[in-house]
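Please open the structure in your viewer and keep the selection tool at hand. The stops below say what to select and what is there.

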Amino acid sequence: MTMFRSVVLAVLLLIGGMGIGRAQAPETPPAGLTQQQFDALVEAISNSVTEKLKAQGMTASPPAPAAPAPAAKKSGKGNAAAAPKVVRTPLAERPIEEGPGAFAAFLHRAGAVAAAFPAYGARLTSIPGLLDQRAQGGRGTSAFLLLLGAVAVVAVLVEAALRALLARYRARLAAGAGAERGLASLGNLGLLAMLDGIGVLAVWVVCNGAAGAWFAGTTGQDRLAAAVLVGIFAWRLDVLLFRIILQPDMPAARLCKAEDREARPLYLRISAILLLIMLGTLLAKVLLAIGASADEIAAYRISVLPILLAAFLWLVLRSRIAARQWFGGLGGAARLAGAVGRHWVPSAVTFIVILALAQLYGAIEGQEKIGQTMLLTLGIVVGVLVFETFLQAFVRRLDSQLAGATPASAYPRLPDVVARCVRVAVLIGALIVIAESWVVRVLGLASESEWLAITRASRTAGITLFLAFVLWEFLKYVTDPYMAHRQKSAAQAIADGDATPPPASRITTMMPLLRMATAILIGVIAVMVALESFGINVTPLIAGASVFGIAISFGSQTLVRDIVSGIFYLTDDAFRVGEYVDCGKAKGTVEGFTIRSIKLRHQNGQLHIVPFGQLGQITNFSRDWITVKFNLRFARDTDLEKLRKAAKKIGQEMLEIPEIKEAVLTPFKMQGVADITENALLVRFKFTARPGNPGAIQREAVKRMYRTFPELGIEFAREPARVFLNTGPDAAPVSPPAPVAELKATA
């Protein structure tokens, strides 16, 4: 019968096609037949088909939009055969229209989804009836749900009971899990995570035992129970990850920066959200298992969207303080996390709303990949947050084991550099996965082969630039101690009241230029390789740069002379940062230099910038050692031997000061009588010290002599009284008294 109907429909289509062709072009009979014979054959076939249709209760009248249904009802015969079969195309298989009619098509599909809500509601109400298997000798709906709920409650209670029994051991491990314990705390954290994992393992044992004891069959009840028990275990496993991070009852082992009053509520809210996601996923599987159509699944996705959106917004708003603390703690090393923490509410709300709109559009368009990609994006974002938390917790504990380091040290350490490189690599990988998911799977802007072709060149360029970044980070790590040492010395000199810091070493002096030259070299090579990977010929660029360099060398002879002279001055180690030099044109302390000039700070504050080509002869007053000599005036009857012994004792006492002992090469002592005046002995003292701050040593020596000598009966010289008579306006002015001490320093 079915075959006969198919033949009839084929003949009707053939006749209709012939009629359409007849309306468009004149008929031509086949070869061997006249026009009259051809018309008679067509009329005979039509009459035969009409008689067959009447015998089956069908009419050969042209189809009308509403005619078939009333005709079938009026005749009362052949309703099943006359009723047209409606074939509903799933939304996912419908092409996405473009152009002006795209919005109309979207509204049409939205109307189809809205029309499916009654059927979706009927599916939901039919689920309890489908669970009732008493007719097949199974359990009723109530008994099944009570048993399944009891198993779920027992599994969760067993986990809580084990955690309570192990509370003493967990507290002992948490006490030694602080960052100040270093690597030892990592072991405590690992054991603590294992104890927390025992509870989740118990959940798995309970769920699998219940599935094997009561739900081992192949009925719908058993399959649903197995899915629910697997979902419960997955839920507790996800919650375990956030328990390890937040540790709501043990702040000493908490890996993120969050206060006690915020950590536990945040943990409970995250658990509730994960449970809600698990239940939603389970219900979607049930609908698919009972044969829900694509429109009904789309209706389900739209119906649960407001619930999920409200739940996530509730989590964002109620946990804003905890989120700021958590992200703020990560902001010290990850600036992006710190920015998100400072603007948590607008950032999180915007992200969630965008995902919700994508879910709504995907449900209406029937694009299941949009929902999957949305969940993938959310999972990657949460995964990056968890990874960053674990990474920083590990680095803090590793840094505390280094010499002189403290947790979260202000100065970069090797673990900090490695962690920064790993962080960048993870972020790049996460962005690539998200971009590929949306561009290829959702938007369809490129196929997988096209995406591979597009990213092949960019992959090479990206790896090259990432390696350049890694080299730059390690270059900074190697050179930063020299830069920081110079800054620290300058700050210490200012704190001690000195105008200039001690001279820097040769490597410290050369480090800024070496660092800049190496950075330029790394950058140029990385850019060249990246351009070459995109198919750009870099040979003309290199040739053009060479020609440009030659043009500069010929057109700027003074600049070239300055640069070349500076290279040789630095090669000869003529000066270093912090040294006092005299180049004839200017003198002062070397503050720094560029590729063509040097900066000299005069002792009065003026800054001289002298090109290397104009330096000429350089006199360095701060190289290797310096001998300071100064004179003091004493009374003519001073016991020189007692003075010599007193000065020597002062020099030995000064060596007990650690700062002075490190700087002094020859201790302070009396050299001898330099001159004899009318009423005083001019005595010379000296000491030899390392370059840096000899003035501080001299001030300390004079202070000790001024305090000690009067107690030993050694008196400084006094100026005699002088009387001047001023007899008129032409009298000579009064001359000032002579200085008591004369200071002289030689190097």
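**A stacked pair**

Select Phe630 and Phe685: both are buried, that is, under 20% relative accessible area with a 1.4 Å probe and protein chains only. Their ring centres are 5.9 Å apart and the planes stand at 25 degrees, so the pair is stacked. Phe630 is in strand 6 (residues 626-635) and Phe685 in strand 8 (residues 680-689), 55 residues apart. Strands here are DSSP runs of E with at least two residues, helices are runs of H or I with at least four, and both are numbered from the N terminus.

This is a predicted model, where local features need pLDDT of at least 70, side-chain atom pairs count only at pLDDT 80 or more, and totals for chains, interfaces and linings use all residues. Residues are numbered from 1 along each chain as its sequence is written, and side-chain values use heavy atoms, leaving out hydrogens and water.

The whole structure holds 13 aromatic pairs. Rings of Phe, Tyr and Trp (its six-membered ring) pair if their centres lie within 6.5 Å; planes under 30 degrees apart count as stacked, over 60 as edge-to-face and the rest as tilted.

Next, select Tyr569 and Phe612, which are both buried.

**A charge over a ring**

Go to Trp235: Arg236 lies over its face, 4.6 Å from the ring centre. This requires NZ of Lys or CZ of Arg within 6 Å of the ring centre and within 35 degrees of the ring normal.

Note on methods. Buried < 20%, exposed > 50% of the residue type's maximum accessible area, 1.4 Å probe, protein only.
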